[in-house]
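Please keep the viewer open and follow the points in order.

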Amino acid sequence: MALIELDLAHAYVPNPRSDDDYALLPLKMAFRDGGAYALLGPSGCGKTTMLNIISGLLVPSQGTVRFDGRDVTRDSPQRRNIAQVFQFPVIYDTMTVAQNLAFPLRNRKVPEAEIRQRVGRIAEMLELSGQLDHRAAGLSADQKQKISLGRGLVRSDVSAVLFDEPLTVIDPHLKWQLRRKLKQIHHELKLTLIYVTHDQVEALTFADEVVVMSRGRAVQKGAAEDLFERPAHTFVGHFIGSPGMNFLPAQAVRGGVLVNEQPLAFQEDRRLPEGPVKLGIRPEYLRMGQPGDGRSLPARVSRVQDIGTYFLLTCELGGHTLKSRLGAEAAPPSVGDTVHLRLLDAHTCFYRDEQLVEGTA
Amino acid sequence: MTNHKPVNQKAWWLVLPVILCVAFSAVLPLMTVVNYSVQDIISPQRRVFVGTEWFVMVMRDTELHLALWRQIQFSLAVLLIEIPLGIALALSMPAAGWRASVVLVIVALSLLIPWNVVGTIWQIFGRSDIGLLGHTLLKLGVDYSYTGNPQHAWWTVLIMDVWHWTPLVALLAYAGLRSIPDAYYQAARIDGASQWAVFRYIQLPKMRGVLMIAVLLRFMDSFMIYTEPFVLTGGGPGNATTFLSQYLTTKAVGQFDLGPAAAFSLIYFFIILLFCFVLYNWMQSLGTSDKEQGHA
């Protein structure tokens with residue numbers, strides 16, 4: 001186990017010139033010993049690159065990787081003592097389930113008694129005990145992935161266990177079960193886990209801390225609540241949540257903002273540097289206001305969807321589309337109605353150059 | 001026949017072309033051979049049914065026993081050399097880029113040469129007066145002569161076959177290797193597997209399918225080898241390189257003993273079928289028994 005510190009950048013092409021040449025833009029990041037982390041982002045955002053750099057399958061083109069302060073940038077995965085589970089199940093066809101689980105230990109010349117004990121424990125956790133003597137090749141895809149997970153978890157002394165979208169091939173109902181299992185294993189074994197996914201639910205339920213990545217940049221690192229309440233970057237606002245955050249161009253002025261040329265005033269003590277900003281508010285916080293309350297603007301309802309536990313309103317405001325989640329208790333407005341949307345709220349965030357502007361003095 | 005689904009009968013029309021093709025290309029010629037094998041045909045008008053007489057005669061032929069024994073030794077040697085060598089070649093070939101293309105073409109070169117040309121190439125190559133191999137060996141003090149020494153002839157035919165056909169095994173194994181996803185190698189690095197373990201537990205099992213094809217192809221082809229030794233040594237010196245095909249041809253074409261030749265053709269056919277069946281089943285069972293490694 002170790003504290004993992006990254007201070008690096010990576011480009012797959014030699015002599016990168018523009019930001020686009022980088023798979024991973026210069027970043028500094030630390031992963032605490034024993035923490036559960038998730039790297040979240042769309043395909044091609046650099047999360048797998050980052051994972052492979054941590055594991056040592058890839059050497060970053062610049063910068064260093066440190067484990068407990070020791071520079072391991074050029075060390076092999078084996079030297080770093082890293083375990084990694086891949087997107088698609090990797091099993092050794094000719095071996096039994098038990099031999100598969102024991103393989104990383106046997107390669108490290110762990111005493112046979114300890115291997116047996118360790119394999120037994122992991123098999124029990126992953127509910128593979130019944131199949132230990134079966135050949136791994138004949139099992140179903142999710143059983144095979146369980147074996148891959150097991151091989152990742154079987155070593156007790158690893159610096160970290162890395163997961164690269166390990167639940168892609170698993171059935172949805174089993175996904176929940178396995179994710180819970182991983183969480184439980186994390187508590188029991190106290191390993192550092194880093195989990196790559198593009199599924200926000202997976203990331204937010206699994207990890208204590210989520211790193212949101214976009215186009216080679218780690219845009220925010222924080223707990224689920226931070227990502228939801230104070231997205232540090234418009235990408236985070238847009239990517240996390242379903243649907244994502246609403247954004248409206250606005251002009252910051254003294255004591256308020258201009259949206260669509262109409263003044264809105266802050267109720268709470270907030271001061272923004274004047275100039276153009278983006279106003280961001282989550283659909284969950286976009287409520288109905290009163291006309292003339294100084295915080296709301298009229299908008300036309302263009303669509304009402306009944307999602308079961310809530311209504312999803314789509315509204316038009318000066319050429320921009322806003323979404324609002326309304327509780328199912330009140331009757332929703334109908335299409336074509338004019339509603340007053342309360343744009344300013346304690347939850348409203350402001351962005352300049354896509355970065356969060358802290359509005360408080 | 002009563003059938004409540006007459007629609008199904010139409011399918012026969014779809015299968016008919018295949019049946020006709022197979023009948024004319026395989027079944028009828030084979031039946032002709034069967035026909036010859038049970039009759040003594042003296043002239044088109046006079047033929048006598050002889051039953052299994054030809055079969056019995058052929059089976060008791062000591063010359064044939066020797067040819068069969070030579071053939072088995074030869075095919076075994078071919079498999080034992082070409083399969084491991086082909087795998088080793090495939091493992092050392094570059095995986096991608098222009099080097100891979102160049103190497104692939106070079107490796108495949110010998111497969112593009114017609115069989116009789118291969119024989120001719122080696123005939124010249126091995127001559128001690130003008131051949132590179134023969135002359136070099138002579139200079140090294142080896143009294144090499146593939147036309148005079150039975151041992152030398154046998155080895156020359158074997159090495160010629162290795163030269164000619166190992167690339168096929170290499171290409172098949174190479175295709176098998178390239179189909180292994182990168183994640184397997186990455187996982188093996190993470191698991192701390194040695195190079196030998198990667199070969200034993202990832203590459204070899206993943207190549208099983210193509211290797212099975214390679215073994216069967218090389219077995220069948222080497223068991224039927226004809227052209228190259230015919231051109232190189234003509235079966236000699238003595239009978240040292242007279243393999244089954246050549247023996248058969250001598251019988252059928254040379255001596256026009258169609259009856260025994262037909263009987264032997266059938267036996268030959270069944271021997272190949274039997275060996276392939278045994279090889280196939282043996283390779284199928286390899287690595288599929290539950291506790292084959294004994295330390296579960």
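Where in chain A is A:E165 found? Please keep that in mind while you read the points below; the model is predicted.

1. To start with the question: A:E165 sits in the loop of chain A that runs between β7 (160-164) and α6 (172-189). The phi angle of A:E165 is near 45°, a positive value in a residue other than glycine. With 21 other C-beta atoms within 10 Å, A:E165 is buried, because 20 or more are enough for that label.

2. You will find A:E127 in the loop between α4 (112-125) and α5 (141-153) of chain A. Is A:E127 buried or partly exposed? A:E127 is partly exposed, with 13 other C-beta atoms within 10 Å.

3. Next comes a peptide bond to inspect. The bond joining A:S242 and A:P243 is cis, with omega of about -5°. A:P243 lies in the loop between α9 (234-239) and β11 (246-253) of chain A.

4. Now step back to the domains of chain A. The assignment gives domain 1 as 4-234 and domain 2 as 242-357. Taken over C-alpha atoms, the centres of domain 1 and domain 2 of chain A are separated by 39 Å. In their contact, 6 residues of domain 1 of chain A meet 10 residues of domain 2 of chain A. On the domain 1 side, those residues divide into 2 nonpolar, 2 polar and 2 charged.

5. Chain B is also divided, into domain 1 (9-51) and domain 2 (61-285). The C-alpha centres of domain 1 and domain 2 of chain B lie 33 Å apart. Their contact takes 7 residues from domain 1 of chain B and 6 residues from domain 2 of chain B. On the side of domain 1 of chain B that touches domain 2, α1 (11-37) and β1 (39-41) of chain B each supply at least two residues, and α1(B) gives the most, with 4 residues. By class, that side of domain 1 of chain B has 4 nonpolar, 2 polar and 1 charged.

6. Stay with α1(B) and look at how it packs. α1(B) and helix α12 (residues 258-285) of chain B meet at an angle of about 125°, and their axes are 7 Å apart. The two helices, α1(B) and α12(B), are therefore oblique to each other, and the crossing of α1(B) and α12(B) is left-handed. From α1(B), the contact uses B:V33, B:V34, B:Y36 and B:S37, while α12(B) brings B:L258, B:G259, B:A262, B:A263, B:S265 and B:L266. Which classes make up this contact of α1(B) with α12(B)? The contact has 7 nonpolar, 3 polar and no charged residues.

7. Last, please look at where the chains meet. The contact takes 25 residues from chain A and 19 residues from chain B. On the side of chain A that touches chain B, α2 (77-80), β6 (82-85) and α3 (97-107) of chain A each supply at least two residues. The largest share of that side, 5 residues, comes from α3(A). The residues of the side of chain A that touches chain B divide into 12 nonpolar, 8 polar and 5 charged.

Note on methods
Residues numbered from 1 in each chain as written. Chains lettered and ligands numbered in written order. Predicted model: local features only at pLDDT ≥ 70, side-chain atom pairs only at ≥ 80, totals over all residues. Domains from an automatic or database assignment. Contact = placed C-beta atoms within 7 Å. Nonpolar A, V, L, I, M, F, W, Y, C, P; charged D, E, K, R; others polar. Buried ≥ 20, exposed ≤ 12 C-beta atoms within 10 Å, placed from the backbone. Axes fitted to C-alpha atoms, helices over the stretch in contact; angles between N-to-C directions. Parallel < 35°, antiparallel > 145°, perpendicular 65-115°, else oblique. Left-handed = near helix turned anticlockwise from the far one by under 90°.
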